[in-house]
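Me: I'm new to reading protein models. Could you walk me through a few features, one at a time?

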Amino acid sequence: MSEYYSKNNIITLLHTLEMNEERFLLLLDKLINESIYLQNSPSQGLIPIEDKASNHVIELLKPYTKEYGGVLEVERISFVEGRGNVIIKYPGTTDKICSFVGSHLDV
């Protein structure tokens, strides 16, 4: 690990981060309001429409996308209608790739 990315520097950075509680609660409220569309029980006829939840995440990230002067590249790729995958890319300064993978928006 280079000195720039030393363990102490990362820990110091993490301690400076603060959660925007108001923004978090607004998003949480929107996601909870979509819960009727996110239930996943095909045997009961409940097929989730995860796009309803991811629309809110995409909207929240919009100011940070390249289209609006930010750095994020956000796209939705759908293999099944209504159940798209949101791909968020944060370009680095090298050609190396670091990936975080997760999560489902259905319940």
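This is a predicted model: local features need pLDDT of at least 70, side-chain atom pairs count only at pLDDT 80 or more; totals for chains, interfaces and linings use all residues.

Me: Which residue forms a salt bridge with Lys62?
Reply: For a salt bridge, look for a side-chain nitrogen of Lys or Arg within 4 Å of a carboxyl oxygen of Asp or Glu. Here the partner is Glu59, with the closest N and O atoms 3.1 Å apart. Glu59 is partly exposed too, at 46%.

Me: How many salt bridges does the structure hold?
Reply: There are 4. Among them is the one between Arg83 and Glu50, at 2.9 Å from N to O. Arg83 sits in the loop between strand 1 and strand 2, and Glu50 in the loop between helix 2 and helix 3, so this pair ties together parts 33 residues apart in sequence. Glu50 is buried at 8%, while Arg83 is partly exposed at 25%.

Me: How are helix 2 and helix 3 oriented to each other?
Reply: Compare their axis directions: an angle over 145 degrees counts as roughly antiparallel. The axes of helix 2 (residues 21-33) and helix 3 (residues 51-61) cross at roughly 155 degrees and come within 9 Å, so the two helices are roughly antiparallel.

Me: Which residues make the nonpolar surface patch?
Reply: Met19, Phe24, Leu25, Leu28 and Ile32 make a patch of about 480 Å². Phe24 belongs to helix 2 and is partly exposed at 40%.

Technical notes. Residues are numbered from 1 along each chain as its sequence is written. Side-chain values use heavy atoms; hydrogens and water are left out. Patches are made of residues with over 30% relative accessible area and no salt bridge: like charges are joined within 9 Å, nonpolar side chains (Val, Leu, Ile, Met, Phe, Trp, Tyr) within 5 Å. Accessible areas come from the Shrake-Rupley method with a 1.4 Å probe; for residues, only the protein chains shown count as cover. Helices (H or I, at least four residues) and strands (E, at least two) are DSSP runs, numbered from the N terminus. Buried means under 20% relative accessible area, exposed over 50%, partly exposed in between (1.4 Å probe, protein chains only). Axes are lines fitted to C-alpha atoms, for helices over the stretch in contact, and angles run from 0 to 180 degrees between N-to-C directions. Angles under 35 degrees count as roughly parallel, over 145 as roughly antiparallel, 65 to 115 as roughly perpendicular and the rest as oblique.
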